[in-house]
Amino acid sequence: RRGELIGLQTCDLTWGSDRVSVLVRRAKADQKGFTTSTDLFYAAEGSALCLLSHLRTYLLNFHGALSARPGCTKRSKPSERCPCCPAVFPRISASSINFALGISDTSLRGRLKSAFKALEQLGRVEQGTHEHIAPSSLRRGGNSCSACEGVRQALREKAGRWGLAGKRARTAEHEYDAALPGEERVVSDALHTRLDRESKRVKRC
């Protein structure tokens, strides 16, 4: 969700050999700050694109490090904003960069539309796509693409952290449909598979 993206700090990201764990301090279904986390995985070897590699490169180039800053309070106060670590996507104006604040909602929407305009010029997406794009489009699209790749609803809910909002309407069967050992990365793999397929399709065109 865009509010969670705006609020991310570098210490909310814990990097491992095959993934990054993203700590979400407050969410739509967690207003009291109990915190939740989501694991994002690197693409499988041989994939044309790896979104996590791009994020890692961005952090190293822009922030200079992946680790928490000295004085970080994330371990002692995980649900609170850390006063020492910068926003993953800081607020940038014409004259300065404010690392203490995340990108504004208006700037996020504007940059997303600009990115899709660039994709239109490259012929990667249909002309006019940017007019209908919003931050929620990426969340909705990721869920839809995962479903098309055969990922079960329970796994998509876990990855998207839709659990709290959906539990009230669950049937008995759905309550027993849970993630199994070895299925932790199926959503990430499904999205990378989709990206690879689209990348090859564009190259043929």
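**Salt bridges and helix faces**

Author: D18, R19, D39 and E184 are linked in a network of salt bridges, in what is a predicted model. The structure as a whole holds 10 salt bridges.

Reader: What makes the pair K74 and D12 a salt bridge?

Author: The closest N and O atoms of K74 and D12 are 2.8 Å apart, and the cut-off for a side-chain nitrogen of Lys or Arg and a carboxyl oxygen of Asp or Glu is 4 Å, so the pair qualifies. Side chains of opposite charge can pair when their charged atoms come close.

Reader: What makes E149 and R197 a link between distant parts of the chain?

Author: E149 sits in the loop between α4 and α5, while R197 belongs to helix α8, 48 residues apart. Their closest N and O atoms are 2.6 Å apart, which is within the 4 Å limit, so this pair also counts as a salt bridge. E149, at 25% relative accessibility, is partly exposed, and R197, with a relative accessible area of 41%, is partly exposed as well.

Reader: Why are the buried residues of α3 said to line one face of the helix?

Author: The buried residues of α3 are L108, L112, F116 and E120. Seen down the axis of α3, the buried residues fall within an arc of 120 degrees, and so they line one face. They pack against α1 and α4, whereas T106 and Q121, on the other side of α3, are exposed.

Reader: How do you know that the buried residues of α4 lie on the same side of that helix?

Author: In α4, P135, S137, G142 and S146 are buried. These residues cover an arc of only 155 degrees around the axis, which puts them on the same side of α4. On the other side of α4, R140 and C148 are exposed.

Reader: What makes the span of α4 close to the expected one?

Author: With 14 residues, α4 reaches 21 Å from its first C-alpha to its last, against the 20 Å expected at 1.5 Å a residue. Helix α3, with 17 residues, reaches 25 Å, close to the expected 24 Å.

Reader: Why can F62 belong to a nonpolar patch on the surface?

Author: F62 has 31% relative accessibility and counts as partly exposed; membership of a patch requires over 30%, so F62 passes that cut-off. The patch is formed by F62, I92, I97 and F99, with about 300 Å² of accessible area together, and F62 itself is found in helix α2.

Notes:
Residues numbered from 1 in each chain as written. Predicted model: local features only at pLDDT ≥ 70, side-chain atom pairs only at ≥ 80, totals over all residues. Heavy atoms only, no water. Helix = DSSP H or I, 4+ residues; strand = E, 2+ residues; numbered from the N terminus. Expected span 1.5 Å × (residues − 1). Buried < 20%, exposed > 50% of the residue type's maximum accessible area, 1.4 Å probe, protein only. Arc of directions from axis to C-beta. Contact = heavy atoms within 4.5 Å. Patch = residues over 30% accessible without salt bridge, like charges linked within 9 Å, V, L, I, M, F, W, Y side chains within 5 Å. Areas by Shrake-Rupley, 256 points an atom, 1.4 Å probe, with all protein chains shown as cover.
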